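Colleague: Could you take me through this model? I would like to begin with the strands and then turn to the metal sites.

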Amino acid sequence: MKHELPKLPYALDALEPFISERTLEFHYGKHHQAYANNLNNLIEGTSFENADLIDIIMKSDGGIFNNAAQVYNHTFYFMALKPRGGGQPRGKLYDALVYSFGSFDNFKTEFSKAGATLFGSGWVWLVADKKNKLRIIQTSNAGNPLCDDLVPIMTLDVWEHAYYLDTQNARPKYIENFWELINWELIETRFENL
Amino acid sequence: MSFELPKLPYAYDALEPHIDARTMEIHHSKHHAGYTNNLNAALTGTDLEGKCIGEVLASVSKHSAAVRNNGGGYYNHDLFWKLMSPNGGGKPTGIFLKALEDNFGSFEQFKDEFSKAAATRFGSGWAWLVKLSDGSLKICSTPNQDNPLMDDAEVKGTPILGLDVWEHAYYLKFQNRRPDYISEFFEVVNWEEAFKRFQD
Ligand SMILES: [Fe+2]
Ligand SMILES: [Fe+2]
């Protein structure tokens, strides 16, 4: 099975001024694409050749895992952004965030802090455990919550390539910008379909 | 006593066109400064306060992640600046060149192996040429700000050459093209400084 990138549901310049067109050109057009290309090359002739992406993530390691998880992680990240996003979620997700973190603002603060303090390259996730309880976790490099039996609900890429052209060493500034782009309707759907 | 951000031994634009001035300025005045400040904060009130960086790294496994990450970041960048020079590049000579040839086959093979270690380190980290306790030379890479001086390093020894492959080291100029950055690094390597470390 050939792994392909999803088309982005917005133009590359649509997330300006929060994420620049140039950043997306590289992030989606080069990094995300390279992970997919590498994955397709690496699985050729292996037992993963016809496996679906999640199967590969759950069962592989090394280069195959890194590239498969990075394909998944980036898709999960990019698809949950939109121009004129942001604000707050509604309904069940909002209630669950308040229940788990005290308030929506507390959730935002904790998630942002997890993003700012992850050392090196990696991802911050809002996940649900087996009992549908919400948690914030960090994974380094290509790490993915599915490997720990946790279901991803939203994610933030804190590899330097996600923000270096826009905010350089100021990762917290990138995280502030991220909140302006979140597609909460989509994330509510992910949560409601748990 | 606390650690201070070491001065860069040349101007921010001195490594142009290989490493650009803007990258050097942010890398030194923001990233390296950040590691230095955070290291001082992490050491405050611990039994490592006042110890030299070598001692900090040699017992890093017994201390917090903040000491490891910032102690490594402080040391690695200081070394990295010294290992580059506007008059760098080319190749080493004499017994150092001979040692590289003996260990890796030829200077070109050494360069290829080192470049490969740097290109294939997944995520953030460093590539190293290390002198082991038996005097032999080895190439390795470490994640994040780990280095061969740390007591729990997989390959332990004296760092002779180190290359920063965090994306912040090259993203403004090279973006996703890490291999191009690695080739440019070899145009500015300060082989005299590497040789000094090899001899010690
Ligand atoms: Fe990314
Ligand atoms: Fe660096």
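Colleague: How many bridges join β1(A) to strand β2 of chain A, and do they run parallel or antiparallel?

Modeller: Please note that this is a predicted model. Seven bridges join β1(A) to strand β2 (residues 134–140) of chain A, and the two run antiparallel. One of the paired positions is A128(A), whose bridge partner in β2(A) is L134(A).

Colleague: What do β1(A) and β2(A) form, and how many residues are between them?

Modeller: The two strands form a hairpin, with five residues between them. In the turn, N132(A) has a positive phi of about 65°.

Colleague: Which way do the residues of β1(A) point?

Modeller: G122(A), V124(A), L126(A) and A128(A) point one way, while W123(A), W125(A) and V127(A) point the other way. In a regular strand the side chains alternate between the two faces of the sheet. Residues on both sides of β1(A) are buried here. Since seven of the seven residues of strand β1 (residues 122–128) of chain A are buried, the strand is largely enclosed by the rest of the structure.

Colleague: And in what sense do β1(A) and β3(A) pair?

Modeller: They pair in the antiparallel sense, over six bridges. L126(A) stands opposite M154(A) in β3(A), and W123(A) has D157(A) as its bridge partner in β3(A). Six of the seven residues of β3(A) are buried, so β3(A) too is largely enclosed by the rest of the structure.

Colleague: Let us move to the metal. Which residues are the protein donors of the iron ion (ligand 1)?

Modeller: The donors are H27(A), H74(A) and H161(A), each through NE2, together with D157(A) through OD. They lie 1.9 to 2.1 Å from the iron ion (ligand 1). D157(A) is also the bridge partner of W123(A) mentioned above.

Colleague: What is the geometry at that site?

Modeller: The site of the iron ion (ligand 1) is tetrahedral, with angles of 86 to 129° among its four donor atoms. For reference, the ideal angle for four tetrahedral donors is 109.5 degrees.

Colleague: How are the donor residues spaced in sequence?

Modeller: The spacing is H-x46-H-x82-D-x3-H. H27(A) lies in helix α1 (residues 21–43) of chain A and D157(A) in strand β3 (residues 151–157) of chain A, so this pair ties together parts that are 130 residues apart in sequence. Both H27(A) and D157(A) are buried.

Colleague: Are H27(B) and H77(B) buried or exposed?

Modeller: H27(B) is buried, with a relative accessible area of 1%. H77(B) counts as buried as well, at 0% relative accessibility.

Colleague: What is the strand order of the open sheet in chain B?

Modeller: The open sheet of three strands has the order β2-β1-β3 (chain B), with antiparallel pairing. β2 (137–143) and β3 (158–164) of chain B stand at the edges with a single partner strand each, so one side of each is left without a neighbour in the sheet. The twist averages 25° from one strand to the next.

Colleague: Which strands does helix α3 of chain B lie across?

Modeller: Helix α3 (residues 65–82) of chain B lies across β1 and β3 of chain B, and runs at about 90° to β3(B). Helix α4 (residues 94–104) of chain B also packs on the sheet, touching β1, β2 and β3 of chain B, and its direction makes about 80° with that of β2(B).

Conventions
Residues numbered from 1 in each chain as written. Chains lettered and ligands numbered in written order. Predicted model: local features only at pLDDT ≥ 70, side-chain atom pairs only at ≥ 80, totals over all residues. Heavy atoms only, no water. Donors = N, O, S within 2.8 Å, 3.2 Å for Na, K, Ca; no water. Tetrahedral: all angles 85-135°; square planar, octahedral: opposite > 155°, others 65-115°. Helix = DSSP H or I, 4+ residues; strand = E, 2+ residues; numbered from the N terminus. Buried < 20%, exposed > 50% of the residue type's maximum accessible area, 1.4 Å probe, protein only. Pairing = 2+ DSSP bridges. Axes fitted to C-alpha atoms, helices over the stretch in contact; angles between N-to-C directions. Contact = heavy atoms within 4.5 Å.
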